[in-house]
Amino acid sequence: MSDWSKVTRPIPVPNEWTKPFWDAAKRNSLELQRCQSCGHFQHPPYATCVQCMGIDLKFEAVRGAGTIYAYTIMYHTGDKRFASVVPYASIVVELDDAPGALLAGNLLESNYTEAKVGRRVEVIFEKLNDDITLPQFRLAV
Amino acid sequence: MWDNRCKIAISGVGYSKVSRSADIPLAAHALAAVKDAVADSGLEMSDIDGLATYPELPATGHAEVDGISIVSVNCMMAMLKLPSLTWHIQVGTTNIGGAVQQAVNALLAGVCKYAVVWRAMHNPKGTYQNLPGAQAQGAAQFTAPYGFGGPGQGMAVAYTRWLERNNQTRDKMATLAVTQRKHTQHNPHAYFYGTPLTREDYFASRMVAYPFCLFDCDIPVQGAVAIVLTTADRAKDLKPKPAYIAGYGQRLHFETAGRIGSLSSYMEGGSSSAKLTWERSGFSPKDVDVAQIYDGFSASVIYGLESYGFCKEGEALDFIQDGRIELDGELPLNTFGGSLGTGRIHGLWHIIEGALQASGRAGSRQVKGANVSFVGASAPIVTGTTFIFVGDPY
């Protein structure tokens with residue numbers, strides 16, 4: 001299993017579009033941007049609804065259950081911050097509540113070989129510092 | 001069909017030396033390629049009155065320094081001091097194929113007579129993707145914290161989705177890498193000219209970002225290539241046999257920054273560009289004699305073959321087997337070796353080869369009887385463009 005303890009992850013810098021996402025993650029909650037006109041969830045956050053051009057967008061809680069949409073196993077150590085943990089699984093997750101909104105993550109608490117397209121996962125939260133907590137994923141129990 | 005088909009032609013191609021490291025400034029590479037292309041056309045440099053490029057540095061985290069890591073129009077003009085320049089552009093929403101298309105448009109509009117387009121690519125010293133930042137800004141805030149650091153991973157996630165949804169394995173990709181390296185041995189300008197590759201080499205190579213091993217990735221190099229474009233009536237008087245542009249297209253599908261892994265985005269990008277190209281030229285995939293499809297990472301060829309319509313979705317890895325993409329196969333593919341053979345020069349070399357094959361100038365790798373020559377000049381979603389060249393105008 002990948003040992004993430006020696007990895008120094010880049011710290012996300014929230015901006016005016018993304019701050020509610022990170023504020024929610026700090027509370028161990030997953031909230032995605034939702035168009036109040038057509039109900040479409042989208043991620044990453046954007047200035048307008050990419051489905052209907054609506055501009056009334058709010059962040060709403062979604063359940064953390066989803067499937068692995070795609071993944072890669074990283075072996076290359078070009079990014080020295082992650083060199084200690086190769087090979088590791090970087091995954092893309094599609095949540096049940098937000099089809100089409102793709103979230104990046106790592107597959108934690110399992111061997112990287114467990115990453116497969118279509119496998120069920122659930123969100124967990126990894127605290128980076130007092131300000132930032134990362135949504136992450138593990139295989140669904 | 002497009003009223004302007006076969007009204008513009010490529011009439012000169014040129015290359016710099018392709019080297020692994022940046023021994024001389026990139027501007028010198030670009031200048032060498034432009035001089036070579038103008039000489040190939042039989043023109044004098046003073047005849048050139050149009051300039052276009054895409055001066056982007058794909059190596060992230062390195063400074064863009066004009067003349068060192070990029071070569072802008074400004075830099076090129078400072079070197080050439082063209083006495084009769086009447087038009088120039090740098091593009092952004094497309095890769096280098098868009099610069100070629102802008103040159104086509106300028107020639108059709110009559111605002112220049114002989115346009116030069118170049119692509120110069122820098123390989124920085126040290127780590128190619130330089131990601132030392134402690135913070136992840138902008139779109140990267142949703143990807144970099146999870147170790148998504150470079151374009152290889154962005155492509156790799158779509159590739160795993162393609163493989164597993166289609167019950168395929170990466171083993172079949174060895175055929176692409178080995179066949180293209182075989183083609184490379186007919187291209188003395190290519191980085192891997194003189195270096196063959198076997199299936200055993202492919203399977204023994206180290207993994208980079210699964211499903212990509214080393215030989216699924218084009219090697220970063222320092223070098224430049226260039227072309228001369230002009231109108232069909234002027235091209236007839238030049239030295240080389242012209243390669244006429246029968247049609248072109250651009251990807252019309254756009255993806256939100258930071259959204260990664262969407263296989264459907266590649267497919268929609270490719271099919272939107274190809275549809276325009278087929279409609280404008282009047283051809284369809286079955287008419288194509290030879291194809292160049294961008295291969296910065298091998299899986300781009302899968303997305304290209306399927307989204308452009310050469311085979312059905314899920315079938316591309318089977319399509320490339322059994323000699324079909326050999327020089328004498330049903331669809332000779334990346335006949336100059338592709339980026340996997342030449343090194344990372346982006347799509348202008350694919351365009352050059354498309355033109356050379358259409359005009360019968362491809363030397364020992366010439367596909368016999370080739371007339372309809374297709375080019376997909378960059379990864380379908382990122383900045384994709386497509387072209388058809390013909391040797392016989394119609």
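1. In this predicted model, H4(B) and H9(B) are oblique to each other, because their axes cross at roughly 60°; angles under 35 degrees count as roughly parallel, over 145 as roughly antiparallel, 65 to 115 as roughly perpendicular and the rest as oblique. The axes of H4 (residues 151-165) and H9 (residues 299-307) of chain B come within 9 Å, and their crossing is left-handed.

2. The contact is made by Met155(B), Ala158(B), Tyr159(B) and Trp162(B) on H4(B), and by Ala299(B), Ser300(B) and Ile302(B) on H9(B), where contact means C-beta atoms, placed from the backbone, within 7 Å. These residues divide into 6 nonpolar, 1 polar and no charged.

3. Chain A has 1 helix and 9 strands, which run from the N terminus as β-α-β-β-β-β-β-β-β-β; helices are DSSP runs (H or I) of at least four residues, and strands (E) of at least two.

4. The radius of gyration of chain A is 15 Å, close to the 14 Å given by the globule rule for 141 residues, so chain A is as compact as a globular protein of that length; the rule is 2.2 Å times the number of residues to the power 0.38. The C-alpha trace of chain A spans about 45 × 30 × 25 Å along its principal axes.

5. Of the 141 residues of chain A, 40% count as buried (20 or more other C-beta atoms within 10 Å of their own).

6. Residues are numbered from 1 along each chain as its sequence is written, and chains are lettered from A and ligands numbered from 1 in the order in which they are written. Local features need pLDDT of at least 70 and side-chain atom pairs count only at pLDDT 80 or more, whereas totals for chains, interfaces and linings use all residues.

Key:
Axes are lines fitted to C-alpha atoms, for helices over the stretch in contact, and angles run from 0 to 180 degrees between N-to-C directions. A crossing is left-handed if the near helix is turned anticlockwise from the far one by less than a right angle, and right-handed if clockwise. Two residues are in contact if their C-beta atoms, placed from the backbone, lie within 7 Å. Ala, Val, Leu, Ile, Met, Phe, Trp, Tyr, Cys and Pro count as nonpolar, Asp, Glu, Lys and Arg as charged, and the others, Gly among them, as polar. A residue is buried if 20 or more other C-beta atoms lie within 10 Å of its own, exposed if 12 or fewer, and partly exposed in between; C-beta atoms are placed from the backbone.
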